[in-house]
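Please read them with the model open.

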Amino acid sequence: MYISEQLKKSSIAEYLLYMWQVEDMIRAYQLDIDEIAEHYIPRFELEPEKSVELIGWYESLINMMREEGVEESGHLQINRNVILLLNDLHLQLLKSPKYPFYSAQYYKALPFIVELRQAKKNKGEAEKCEIETCFDALYLVMLMRAQKKSIAPETAAAIDNLSKLLAMLSEYYKQDKNNELELE
């Protein structure tokens with residue numbers, strides 16, 4: 001909760017990846033708030049009142065996951081809404097002549113996005129917007145690194161391009177939230 005609040009202000013991309021981790025952590029504990037309270041939350045060494053707040057936050061996420069049917073996979077609507085907002089901003093940035101560096105980074109990343117989307121299509125997965133495809137790739141590599149799995153140099157190069165695109169988008173999102181972004 002505390003980390004997510006900080007990340008939401010500083011980097012929406014990091015916030016989203018963090019929230020996806022939270023969803024997976026909750027799944028790892030089989031959506032059992034008692035297990036999370038007993039085995040996960042103590043790792044943070046919080047004051048008792050902060051622990052109670054954090055337990056409440058996880059409990060509300062668990063309830064949302066159950067209500068939205070994402071107990072085993074998928075993402076909460078609050079996280080899907082972030083993707084929609086970022087994708088809308090992405091499309092606006094591409095249309096605006098004021099952001100040529102963003103467009104340039106997009107075109108560097110585009111071959112990788114196309115390749116990833118095609119691979120997902122070949123697996124029979126539902127088509128996702130380009131921005132969600134980028135996040136999926138980053139999250140997968142993040143999980144691979146956490147598991148200490150090797151990453152091919154080509155994959156690392158692709159992730160570098162996708163990361164740069166999402167970092168730029170995240171910065172423009174922050175500017176947009178502060179009414180500092182002129183798209184027209």
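**Notes on the chain**

1. The chain has 8 helices and 0 strands. The model is a predicted one. Read along the sequence, the order of elements is α-α-α-α-α-α-α-α.

2. On overall dimensions, the C-alpha atoms fill a box of roughly 50 × 40 × 30 Å along the principal axes. The chain has 184 residues, and 39% of them count as buried.

3. On charge, the chain carries 21 positive and 31 negative charges.

4. The largest pocket holds about 630 Å³ of space. Its lining consists of 27 residues, and those nearest the centre of the pocket are Leu116, Lys120, Asp136, Ala137 and Leu140. The elements that give two or more residues to this lining are helix H2 (12-28), helix H6 (100-122), helix H7 (130-146) and helix H8 (153-177). Which of them gives the most? That is H7, with 8 residues.

5. Is His90 buried or exposed? His90 has 0% relative accessibility and therefore counts as buried, the cut-off for buried being under 20%.

6. What does His90 touch, once residues up to four places away in sequence are set aside? The list is Tyr102, Tyr106, Glu130, Ile131 and Leu169.

7. Ile36 is a second residue to look at, and it sits in helix H3 (residues 33-40). Ile36 counts as buried because its relative accessibility is 0%.

8. Leaving out neighbours within four places in sequence, Ile36 is in contact with Met25, Ile26, Tyr29, Ile41, Pro42, Tyr58 and Ile62. Among these partners, Met25 and Ile26 fall within the residue range of helix H2 (12-28).

9. For a sense of distance within the chain, take Ile36 and Asn87, which are 51 residues apart along the chain. Their C-alpha atoms are separated by 33 Å.

Technical notes
Residues numbered from 1 in each chain as written. Predicted model: local features only at pLDDT ≥ 70, side-chain atom pairs only at ≥ 80, totals over all residues. Heavy atoms only, no water. Helix = DSSP H or I, 4+ residues; strand = E, 2+ residues; numbered from the N terminus. Buried < 20%, exposed > 50% of the residue type's maximum accessible area, 1.4 Å probe, protein only. Lys, Arg positive; Asp, Glu negative; His and termini not counted. Charge placed at Lys NZ, Arg CZ, Asp CG, Glu CD. 1 Å grid on protein atoms, 1.4 Å probe; cavity = no way out; pocket = protein on both sides within 12 Å on 5 of 7 lines; lining within 4 Å. Points joined across faces, edges and corners; volume = space filled by probe spheres on them. Contact = heavy atoms within 4.5 Å.
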